[in-house]
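The sequence and the structure are shown first, and the discussion follows.

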Amino acid sequence: MRHAQCIRLLANGRARALAKTGDRRAVEQAIGQALRLSDLHEVPVGLTSCISFEPYGRARTLANAVTSHVALRNTAQVLLDAEHIGDLVEHSSSSWSRSLVRLDVATALLQQLTPDIDHAMALGGEALQLCGDTPTGSVYQRSRDLHEQAGPWRDHSAVRDYGEEFRTWSSQPAALAMASSAS
């Protein structure tokens, strides 16, 4: 199993699916294997495309690992990996990737023992702005999930502001199309 597409299958498929079952050990094994494969293939430094048939680079693999760790509620690992790839994500040409990593970090910030509500909602708002009127299904779903997860703090001004921003953003035609496909 050394083919370049195995990276995608391990990081974007297997690890994320296993994370939803809560199998931490299997998730770590899949991510570790994907990272080792990423290191075997020569890819440019930076956040490689998620829609290309080229192999995932280490940063793209870690971006997918972040999503798996969110599902496991492994907030320390989410924040560590996101910090590790932060500059590469910020310099990525993909507004969707920048949005998705922000949404994953925002969710992790709410999952902490002491939630950082203001920072989480600020990141959520940035994610919506980055996508503007061209959302993807993943951005729509994660921004909606963030809104739902912030429910316990609905009286907090930052949560109300994000909720209003999400409602406005999700009422545009492209987001409405995503909402209907996500239902």
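Which residues have the most contacts inside the largest nonpolar core? In this predicted model, they are Val27, Leu110, Met121, Leu146, Tyr162 and Trp169, within a core of 47 residues. At least two residues of this core come from each of α1 (4-21), α2 (24-40), α3 (58-71), α4 (75-90), α5 (95-111), α6 (117-131), α7 (137-149) and α8 (157-170). In soluble globular proteins, nonpolar side chains tend to be buried together.

Not counting residues up to four places away in sequence, Leu146 touches Leu103, Ala106, Thr107, Leu110, Ala120, Met121, Gly124 and Tyr162.

**Helix pairs**

| Helix pair | Angle between axes | Axis separation |
|---|---|---|
| α4 and α5 | about 155° | 10 Å |
| α6 and α7 | about 155° | 11 Å |
| α6 and α8 | roughly 15° | within 9 Å |

The packing of α4 and α5 is at an angle of about 155°. Because angles over 145 degrees count as roughly antiparallel, α4 is described as roughly antiparallel to α5. The crossing of α4 past α5 is left-handed. On the α4 side, the contact is formed by Thr75, Val78, Leu79, Ala82, Val89 and Glu90. On the α5 side, Ser97, Arg98, Val101, Arg102, Asp104, Val105, Ala108, Leu109 and Gln111 take part. Sorted by class, the contact of α4 with α5 comprises eight nonpolar, three polar and four charged residues.

The α6 and α7 pair also packs at about 155°, with the axes 11 Å apart, which makes α6 roughly antiparallel to α7. Here α6 passes α7 in a left-handed crossing. The residues in contact are Ala120, Met121, Gly124, Leu128 and Cys131 from α6, together with Val139, Ser143 and Leu146 from α7. In terms of class, the contact of α6 with α7 has six nonpolar and two polar residues, and no charged residues.

For α6 and α8, the axes come within 9 Å and cross at roughly 15°. Angles under 35 degrees count as roughly parallel, and therefore α6 is roughly parallel to α8. The crossing of α6 past α8 is left-handed. From α6, the contact draws on Ile117, Asp118, Met121, Gly124, Gly125, Leu128, Gln129 and Cys131. From α8, Ala158, Val159, Tyr162, Glu165, Phe166 and Trp169 contribute. The contact of α6 with α8 contains nine nonpolar, three polar and two charged residues.

**Individual residues**

Why does Leu123 count as buried? Residues under 20% relative accessible area are classed as buried, and Leu123 has a relative accessibility of 11%. Leu123 lies in helix α6. Leaving aside neighbours within four places in sequence, Leu123 is in contact with Arg102, Val105, Ala106 and Leu109.

Val66, in helix α3, is buried at 0% relative accessibility. With neighbours within four places in sequence left aside, Val66 is in contact with Val78, Asp81, Ala82 and Asp104. Val66 and Leu123 are 57 residues apart along the chain, and their C-alpha atoms are separated by 15 Å.

Thr75 belongs to helix α4 and is buried, with a relative accessible area of 15%. Beyond neighbours within four places in sequence, Thr75 is in contact with Ala108, Gln111 and Gln112. Of these, Ala108 and Gln111 are listed on the α5 side of the α4 and α5 contact, in which Thr75 also takes part.

Is Arg73 buried or exposed? Arg73 is exposed, with a relative accessible area of 52%. Arg73 is located in the loop between α3 and α4. Although Arg73 is not a glycine, its phi is positive, at about 60°.

Notes:
Residues numbered from 1 in each chain as written. Predicted model: local features only at pLDDT ≥ 70, side-chain atom pairs only at ≥ 80, totals over all residues. Heavy atoms only, no water. Core = buried A, V, L, I, M, F, W, Y, C linked by side-chain atoms within 4.5 Å. Buried < 20%, exposed > 50% of the residue type's maximum accessible area, 1.4 Å probe, protein only. Helix = DSSP H or I, 4+ residues; strand = E, 2+ residues; numbered from the N terminus. Contact = heavy atoms within 4.5 Å. Axes fitted to C-alpha atoms, helices over the stretch in contact; angles between N-to-C directions. Parallel < 35°, antiparallel > 145°, perpendicular 65-115°, else oblique. Left-handed = near helix turned anticlockwise from the far one by under 90°. Nonpolar A, V, L, I, M, F, W, Y, C, P; charged D, E, K, R; others polar.
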